[in-house]
Amino acid sequence: MTIYRARPVPAPALKELRSVDDAGRPAVPLTDEEGGAPLRCCLRRSTPGERIALVSYAPLRRWAAGTGADPGPYDEQGPVFIHAEECAGPQEGDGHPFANTHRTVRRYSADGRILGGELVAAPDDEAFRNAFDDPSVALVHVRAVEYGCFLYEVTRA
């Protein structure tokens with residue numbers, strides 16, 4: 001049985017993003033007064049009073065740098081919330097993060113090209129099984145529908 005794991009922004013990338021983001025801008029920490037921001041470092045929503053930062057992140061570019069792929073025009077960067085300081089990362093739990101609403105499951109090939117996407121009612125093992133049924137799929141991004149923002153990546157475990 002294949003297990004599909006949600007992967008947060010990797011720790012080395014988080015360390016860099018907390019200093020300078022992928023758009024070359026310094027991180028600007030703030031106190032989250034309302035809570036509810038989807039944190040990509042620990043894959044949960046923020047709580048009121050937490051120190052967070054909104055930074056620009058290029059997930060496919062960073063993945064490609066580690067695999068030798070060249071995403072070409074599919075290289076994109078966008079806003080993600082992270083804790084302003086190092087956190088414990090994701091906690092083991094049931095289900096997949098940020099699964100309370102519709103999401104887009106976007107598929108990528110080993111060379112970093114988009115192979116398509118699917119709107120799902122909630123990200124779950126069935127959605128990931130459908131995506132990875134295509135043997136040319138190397139990586140999946142789960143994205144928010146309303147803004148298209150990257151939430152997390154999924155790989156075969």
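What volume does the second largest pocket have? In this predicted model, the second largest pocket has a volume of about 200 Å³. Its lining is made up of 13 residues, and those closest to its centre are Pro 38, Arg 40, Phe 81, Tyr 147 and Cys 149. Strand 6, which spans residues 78-83, contributes the most to this lining, with three residues, and the lining as a whole divides into nine nonpolar, no polar and four charged residues.

The largest pocket, for its part, has a volume of about 400 Å³ and is lined by 16 residues, with Ala 6, Gln 91, Glu 92, Gly 93 and Gly 95 lying nearest its centre. Here strand 1 (residues 4-7) gives the most to the lining, again with three residues, while the division by residue class is eight nonpolar, four polar and four charged.

The composition of the two linings is set out below.

Another site is Ala 53, which belongs to strand 5 (residues 51-57). Because its relative accessible area is 3%, under the 20% cut-off, Ala 53 counts as buried. When neighbours within four places in sequence are set aside, Ala 53 is in contact with Val 28, Pro 29, Val 80, Phe 81, Ile 82 and Ala 84; of these, Phe 81 is also among the residues closest to the centre of the second largest pocket. Ala 53 and Glu 85, although 32 residues apart in sequence, are 9.0 Å apart in space, taken from C-alpha to C-alpha.

Terms used:
Residues are numbered from 1 along each chain as its sequence is written. This is a predicted model: local features need pLDDT of at least 70, side-chain atom pairs count only at pLDDT 80 or more; totals for chains, interfaces and linings use all residues. Side-chain values use heavy atoms; hydrogens and water are left out. On a 1 Å grid over the protein atoms alone, a cavity is a set of points where a 1.4 Å probe fits but cannot get out, and a pocket is an open set with protein on both sides within 12 Å along at least five of seven lines; lining residues have an atom within 4 Å of a point. Grid points are joined across faces, edges and corners, and a volume is the space filled by probe spheres set on the points. Helices (H or I, at least four residues) and strands (E, at least two) are DSSP runs, numbered from the N terminus. Ala, Val, Leu, Ile, Met, Phe, Trp, Tyr, Cys and Pro count as nonpolar, Asp, Glu, Lys and Arg as charged, and the others, Gly among them, as polar. Buried means under 20% relative accessible area, exposed over 50%, partly exposed in between (1.4 Å probe, protein chains only). Contact means heavy atoms within 4.5 Å.
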